[in-house]
Every structure is written in structure tokens, then in C-alpha cells.
Amino acid sequence: MNFFSQEYFKKDWFGLLIVVLLSGVIISFFKPAFLSSFNLYVLMLSVSLWLVVAMSQMIIIAIGQMNLSVGAIGGLVAISFTGLMEVHGFSIPYAILTGLFIGLFCGFINGFLTVKTGISAFIITLATLYIFKGMNLGITEAQPFYQIPESIKNFGNAKIIGPVPYLIIIPIIITVMMWLLMNKTQSGRNMLAYGNSVQSSELMGISPTKVVITAHVISGFLAAIGGMLVVCRLQLGTPNIGDSWLLPSFAAPVIGGAVLAGGKVDVIATALGVIIVAIISQALVIFKIDPFFVQILLGFMILIAVFINRYREYKEERRKKIFIYEASHE
Amino acid sequence: MKITISIITSIFLLFGHYVMAGSSSTKVALVPGGPHPYFAAWEQAGKDAVKDFGLGKADYKVPAEWDLSQQNELIESLVGKGYNAVLVFPGDAVGTNKILGELDDAGIPTAALAGCVEQPTKAKFCFGTDTGHSAYLGTKQLIKALNGKGKIAHFTGFLVDPNTTLRIKAVEKAVAESGGGVEIIQVIADIDAYEPADEKINAFMAAQGGEVDGIVTTAWVPAVVAAQALTNMGDKRIKMVGIDHDEVVLKAIKDGYVHGTMLQNPYGQGYIGSYVMDKVRGGCSFKANAPWKSTAQTNQFIDSGTVFVDINDVDTYVQAMRGISLEILETFESTYLNC
């Protein structure tokens with residue numbers, strides 16, 4: 001049987017899985033420390049955060065929109081979560097619930113304004129980015145919150161077994177839930193249909209209001225979880241949390257083959273995209289790359305990862321064309 | 001932008017003095033490059049300057065992001081609200097000069113605080129830490145703690161910050177003076193945001209924690225994250241010299257995970273800077289023969305002071321910095337000004 005006709009080869013995530021495995025083998029060949037328990041722990045911590053951030057953006061890409069305020073929501077929730085505990089004496093569960101509610105509410109505002117005004121989500125979330133960030137600065141006056149309960153600090157650093165951190169549990173659950181949502185529920189299919197063609201989805205009876213608001217609410221909810229995970233990891237609530245999320249939030253879904261115009265996302269490929277970016281970032285440190293050249297190399301390596309995956313798509317499309325050609329000439 | 005500032009200033013000059021408060025009409029805006037805990041001391045410094053020197057106002061105003069255009073827009077709006085002196089951490093060492101020139105044309109004195117702008121500039125002076133010297137002294141302290149032998153790593157901030165290059169060179173200079181005993185095995189830069197700093201510093205620790213003997217950090221966020229990483233690892237073998245006074249770093253010094261930190265003087269910068277702005281608005285000019293220091297960007301630099309703090313004096317560092325500030329303040333007028 002032809003290798004390229006295998007079922008798994010048709011999947012978006014297959015090329016990326018090859019990239020992950022190849023890069024892991026190559027890096028560990030030159031630097032065996034890459035496979036050390038501590039390094040794998042650090043890698044998993046890094047993946048934990050970016051997985052949630054990427055999923056938060058991916059669901060908006062699925063409906064053909066962009067959420068520029070992902071980091072601002074995460075940052076606002078992070079400082080609210082820590083501030084409520086430090087300044088107002090909230091217990092951990094109440095602080096978590098409030099943080100999640102803030103995330104949901106911010107997402108709802110994004111979705112509601114996008115639907116009701118008809119203005120593009122790019123512009124709406126650009127505006128709310130400043131609003132949420134402004135609220136963050138207004139609350140903190142650029143000062144971090146330091147008094148984090150020990151149990152949260154422990155959660156951010158403890159390991160379940162071997163190098164596996166507790167922190168990765170929630171992102172894994174989220175990834176599974178997102179896969180179920182996008183692949184097994186009507187709601188997920190509606191989002192993809194809406195992202196593919198707004199007009200067609202309306203003809204199919206899909207409510208744009210429901211789809212857009214649901215996607216933004218989930219995005220805000222995930223950004224909120226991301227913000228709180230960073231607090232657990234850093235052991236402080238600083239107003240800068242979320243500032244660096246924007247580009248990575250797009251990088252992983254795009255590497256994972258998401259179409260920015262909407263209608264096509266792959267949860268597993270996005271997760272592999274996160275792992276690829278984390279491995280590349282780590283490799284640049286491990287190989288002691290000159291700091292002035294890190295960005296150039298990062299860009300090139302992401303391009304290589306994308307090209308490898310696109311090559312698989314190209315082969316798959318070519319195979320289909322040949323099949324159609326042969327079928328039409330029989 | 002120039003026209004905007006001119007119109008705003010003209011309106012304010014016509015009506016502004018009716019709404020002045022305090023014995024001086026000087027209203028100072030202290031504007032950092034963006035949100036960062038380093039600058040937080042400017043707020044109290046401004047308040048104290050109002051109280052101690054009778055200024056009309058000295059307010060700390062933070063741009064929402066580290067973005068030159070946002071900083072410029074904030075400064076414009078503050079001028080519109082009647083601020084007539086501006087102390088600014090340059091959003092860009094060259095780009096900030098444009099708005100400083102426009103403010104000067106409108107009769108509003110300015111100075112660069114905590115970081116300098118490139119000359120030629122209309123900023124009256126630059127008042128900040130001699131970042132290169134601080135990095136040099138910090139590395140010297142680290143080399144001393146390592147008994148002149150070992151491998152070190154340098155973690156620093158934004159590559160676009162001109163101070164970063166100065167810091168990298170200063171660390172290299174101190175290491176070169178060790179006579180080959182100390183070697184820099186890695187420089188990690190552009191980690192002035194917490195998430196990438198956490199990612200990269202921990203990746204470094206995982207890959208090379210076993211072979212590194214010392215760490216010098218020359219920016220706030222890397223210092224915090226590296227101190228946290230050493231604390232989490234429970235590693236007291238690796239000696240680290242940090243920078244600034246974040247609680248995480250100070251606690252790590254007390255707990256023995258960090259050898260010491262190079263303190264800067266943000267409070268003194270805001271306090272003395274506000275005082276000088278009032279003096280300049282009151283008619284004082286700078287002496288032609290003032291003993292300016294030179295940096296790579298300017299030859300009108302005043303060092304706001306830096307001091308190394310370790311476990312012995314970590315509880316009394318505030319007094320140490322206050323002492324430096326008072327020393328500069330006491331002699332500032334006689335040293336630099338014609339009033």
C-alpha cells in the first residue's frame with residue numbers, strides 16, 4: 001500500500017507529529033539533556049500554558065474571526081484572581097470562580113458587540129484589549145500582587161509522577177473537551193459551518209448570534225484559565241501577564257493548519273503546533289543561540305514546520321486529483 | 001502632533017494659571033515607557049516632591065503598553081490637561097526626541113528619566129542608573145562570590161532597549177578582567193515578559209543548570225524569574241546577582257538562594273527629577289561646566305546611584321537608597337544649576 005494513501009497521512013496532525021518526533025530525536029542526539037526529567041518537566045509546563053492560549057484563539061479562528069484581547073482577558077483575570085485573594089481575602093474557590101466569571105463576561109462582551117454592531121471582531125477585540133488592559137492597570141497601578149496562597153504555589157510547581165506537572169492536567173482536559181466540542185457536537189459543527197460561509201450557515205438555520213457569542217464566551221473562559229495557570233506557575237500576579245500571548249496564540253493554530261478565514265481548525269494539530277513552538281523555543285536556549293539571532297531562527301524553524309505539513313497536504317491533494325482523473329477516464 | 005501640542009499649550013498658557021494649586025505652578029508628568037513595577041516608586045516620589053518642594057503637581061502616568069506612539073499620545077493629552085514639565089522614560093532612544101523637541105518649542109522643559117535619549121536632544125539632561133556600570137559592578141560581585149572562577153550566564157531584557165547592549169558589554173568587560181577564571185557560557189535576552197522569561201530561564205536551568213556556577217541578571221523580569229527558579233529548585237550552589245528590588249528577589253536573598261542584587265534608585269529619579277523641573281521652570285539654567293557624565297547616548301548624564309545589597313543589608317536597603325538621593329539633592333543646585 002502506498003504510504004501517502006494511508007488514512008493517518010490524510011490527517012492535519014500527521015505531518016506535525018513527524019516534525020515533533022524528528023525534532024525531539026535530533027535535539028536529543030546533539031544534546032542528551034533534552035530528554036532529562038527536568039527538561040521534560042519544563043517543556044510540559046511551557047506547553048500547558050500555550051495549549052490553553054492557543055485553544056482560546058483557535059475557537060475564534062474557527063468562526064473566521066480573531067480575538068486580539070486574549071492576553072488582555074488573561075491578564076485581567078490573573079490580577080483579579082490574585083488581587084481578590086490578597087486584598088479582599090477571598091478564598092481560593094471563590095477567587096477562581098470570580099476569575100472564570102470575569103473571563104466569561106469579557107468573552108460575552110466581545111461576542112455580543114461583534115454580533116450586535118456588525119463590526120469586525122478584529123476591531124471590537126482591539127478596542128476591548130485596551131479596555132481590559134486599562135482596567136488591569138487601573139486596578140494594579142502596574143504593581144504585582146505577591147501574596148499567593150501556598151496551595152496555589154504548590155500546584156504550579158508540583159509533579160504528579162516523574163516529570164509530569166500537575167499544571168498540565170487542566171490543559172489536557174481542555175484539549176479533550178475542545179476536540180469533543182469541535183468534532184462531536186452540533187455546536188462545534190455550527191461554528192465551523194459559520195466560519196466556512198456565514199450566508200450558507202444562515203440558510204441552514206444556524207443562529208449567528210448564538211455561534212459568535214458562544215465562541216467568544218468559550219475563548220474568554222479559556223483565556224481566564226490561562227491567566228490563572230500563569231499565576232500558579234509564576235507565583236505572583238503581575239499586570240504584564242498576557243502581554244506576550246498574542247502572536248503565540250495565532251502561531252500554534254496556524255501551524256496546525258487552521259484557515260484564518262474560518263471553517264477549518266484541528267484541535268490535535270493545534271496541540272502539536274504548541275509542542276513544536278515550545279520545542280523550538282527550548283532548542284534555541286539549549287543550543288546557546290546568540291540572542292540577537294534568536295528571532296530569525298525562530299521564524300525560520302516555524303516556516304520549516306509549516307512547509308513540512310503543507311507538503312503532506314500537497315501530496316494528499318495531488319493523490320486526490322490523480323484519483324479523480326483516473327476515475328473520470330475509466 | 002506639533003500643531004496639536006502648540007494649540008494645547010497656548011490654550012493652557014491663557015487659562016491654565018487660574019486652576020493651579022500649590023505654591024509653584026509647576027505640574028510635572030512622570031511618564032514611564034509602559035507598565036513596569038520598576039517605575040512604581042515614581043508615584044510616591046512625585047507626591048513627596050509636591051509636599052517637600054511645593055510643586056503644583058507631580059503625577060505618575062503610565063501608558064497602557066510599551067509603545068512609542070501610545071506614550072506620545074499620553075504625553076500630548078497630559079499637556080492638554082496642563083502639565084508643564086515632563087519626565088519621561090524614552091519609549092525609543094531616538095524616536096522620543098521628536099516629541100521632546102515639540103515640547104521644548106512649546107516652552108515645556110523635559111528630561112529623560114531612568115533611560116537616555118540619543119543626542120542631539122532637547123531633553124535638559126538624562127538622570128538614571130549608569131546601567132553599564134551597574135551591570136559591571138554586579139558581575140564583579142558575582143565573580144567575587146565565585147572566588148574568581150567558574151561559568152556564568154547572563155539574563156537580560158529587551159534587545160531594543162539600548163541599555164541591553166551596554167549591559168552585555170559591561171558583563172563581558174568584568175568577565176574579561178577575571179583573567180580567564182570566569183567564562184560566560186550563555187546570554188539570554190528579550191525576556192522582559194514573564195511567560196517567555198519563565199520558559200527560557202527554566203529551559204536553561206534544565207539543560208545547563210549542572211554546569212553553570214553563577215548567574216547575573218541585568219533586567220527586572222529575568223531577575224524575578226531566575227530568583228524564583230533557583231528557589232523552586234532549592235539550589236544554593238549557583239550564585240546569582242540580580243537587579244532591582246522586587247519582593248521575590250529580596251526574599252530569595254534572605255532565604256539564601258540569591259547572593260545579592262544591584263539596586264537602582266527609581267524613587268530618587270522621580271523625586272530629584274521633579275525638583276529640577278521646578279527649578280528649570282523657575283528660571284534656573286544648567287551650568288556650562290557642570291560635571292556631566294557621558295554614556296553611549298548622551299554627554300549630559302547624571303548617575304542616580306546604584307548599590308549592591310546582599311543578605312547583610314537587605315533589610316536596610318531603603319535607607320541606603322534614601323541616603324544616596326539626599327546626597328545628590330543637597331549638592332544638585334550648586335553642582336549643576338545657575339539660579
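Here is a short tour of two chains, stop by stop. The model is predicted, so local features need pLDDT of at least 70 and side-chain atom pairs count only at pLDDT 80 or more, while totals for chains, interfaces and linings use all residues. Residues are numbered from 1 along each chain as its sequence is written, and chains are lettered from A in the order in which they are written.

**Stop 1: where the chains meet.** Select both chains. Their contact (C-beta atoms, placed from the backbone, within 7 Å) takes 37 residues from chain A and 29 from chain B. On the chain B side, pick out strand S7 (182–188) and helices H7 (194–208), H8 (220–233) and H9 (247–255), each giving at least two residues. Helices here are DSSP runs of H or I with at least four residues, strands are E runs with at least two, and both are numbered from the N terminus. H7(B) brings the largest share of that side, 11 residues.

**Stop 2: B:Val258.** Now click on B:Val258, in the loop between H9 and strand S10 (260–263) of chain B. Why does B:Val258 count as buried? Because 29 other C-beta atoms lie within 10 Å, and 20 or more make a residue buried. Beyond its neighbours within four places in sequence, its contacts include B:Leu230, B:Met240 and B:Ile253.

**Stop 3: two helices in chain A.** Finally, select residues 92–117 (H4) and 208–234 (H10) of chain A: these helices pack at about 145°, with axes 7 Å apart. Axes are lines fitted to C-alpha atoms over the stretch in contact, and angles run from 0 to 180 degrees between N-to-C directions.

Terms used
Two residues are in contact if their C-beta atoms, placed from the backbone, lie within 7 Å. A residue is buried if 20 or more other C-beta atoms lie within 10 Å of its own, exposed if 12 or fewer, and partly exposed in between; C-beta atoms are placed from the backbone.
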